[in-house]
Amino acid sequence: MSLVRRVARPMLAAMFVVGGLDQLKHPGAKAKAARPVLDQARKAGLPDDPELLVRANGVAMVGGGALLATGHVPRIASTLLAASLIPTTVAAHPFWTESDPQVRAQQRIQFLKNLGLLGGLLLAAVDTDGRPSLAYRAHRVGASAQRTARTTRREARHATKAARREARLKAAQAKNALS
């Protein structure tokens with residue numbers, strides 16, 4: 001792992017670990033702010049316990065942050081964190097609903113900060129750490145299988161032709177031996 005990745009991943013993950021711990025310790029205040037988003041989540045079949053959902057989001061943030069910080073399955077951890085960041089941002093920083101210009105400006109800054117974090121997570125989610133991506137490797141395996149199949153077919157055709165020639169030669173030798 002490169003030095004940049006070794007340093008950047010924990011830096012990116014720190015906000016999620018701290019925020020997730022805060023959600024686990026103090027879900028009440030967060031649940032009140034998240035009520036509009038949680039009402040939409042209830043329509044999707046999630047439980048109607050706002051504090052439970054806030055705590056579940058906190059667990060996802062702490063777990064994903066710890067995995068990202070330590071470099072274990074960083075692409076999956078980044079995807080998990082991105083998925084948890086979207087409802088958190090919409091619930092906690094709805095600057096478009098604020099009427100006070102000063103509060104609106106602060107909420108917009110926090111919203112844009114989270115948008116920047118989301119961008120970093122998306123980059124981390126597609127970072128292959130210098131190795132080819134899974135799609136590229138799958139394509140290479142498929143291409144290799146196709147080459148092997150073509151080679152096998154070609155060798156089978158050559159073997160068939162050689163067997164026919166050999167059979168004709170043996171038949172001609174047997175005919176000459178009888179005459």
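Colleague: Which helices each supply at least two residues of the lining of the second largest pocket?
Modeller: This is a predicted model, in which local features need pLDDT of at least 70 and side-chain atom pairs count only at pLDDT 80 or more, while totals for chains, interfaces and linings use all residues. Residues are numbered from 1 along each chain as its sequence is written, and side-chain values use heavy atoms, with hydrogens and water left out. The lining (residues with an atom within 4 Å of a point of the pocket, an open set on a 1 Å grid where a 1.4 Å probe fits, with protein on both sides within 12 Å along at least five of seven lines) includes Val-4, Leu-12, Gly-120 and Asp-127. The helices (DSSP runs of H or I, at least four residues, numbered from the N terminus) that each supply at least two residues of this lining are H1 and H6.

Colleague: Which helix provides the largest share of the lining of the second largest pocket?
Modeller: About 190 Å³ of space lies in this pocket, and the residues of its lining divide into 5 nonpolar, 1 polar and 3 charged. The largest share, 5 residues, comes from H1.

Colleague: Which helix gives the most to the lining of the largest pocket?
Modeller: The largest pocket holds about 680 Å³ of space and is lined by 31 residues, with Gln-23, Asn-57, Ser-84, Pro-87 and Thr-88 lying nearest its centre. Helices H1, H2, H3, H4, H5 and H6 are the elements that give two or more residues to this lining. With 8 residues, the helix that gives the most is H5.

Colleague: How many residues in the lining of the largest pocket are nonpolar?
Modeller: By class, this lining has 8 polar and 3 charged residues. Pro counts as nonpolar, and Pro-87 is among the residues nearest the centre of the pocket. The number of nonpolar residues is 20.

Colleague: Why is the pair of Phe-95 and Trp-96 edge-to-face, and what is the angle of its planes?
Modeller: A search of the whole structure finds 3 aromatic pairs (ring centres within 6.5 Å; planes under 30 degrees apart stacked, over 60 edge-to-face, the rest tilted). The rings of Phe-95 and Trp-96 have their centres 5.2 Å apart, and the pair is edge-to-face because the planes stand at 75 degrees.

Colleague: Is Phe-111, which pairs with Trp-96, buried or exposed?
Modeller: Trp-96 and Phe-111 form an edge-to-face pair, 5.7 Å centre to centre with 90 degrees between the planes. This pair links distant parts of the chain, with Trp-96 in the loop between H5 and H6 and Phe-111 in helix H6, 15 residues apart. Trp-96 is partly exposed at 43% relative accessible area (buried is under 20%, exposed over 50%, partly exposed in between, with a 1.4 Å probe and protein chains only). Phe-111, at 18% relative accessibility, counts as buried.

Note on methods. Points joined across faces, edges and corners; volume = space filled by probe spheres on them. Phe/Tyr/Trp six-rings, centres within 6.5 Å; stacked < 30°, edge-to-face > 60°.
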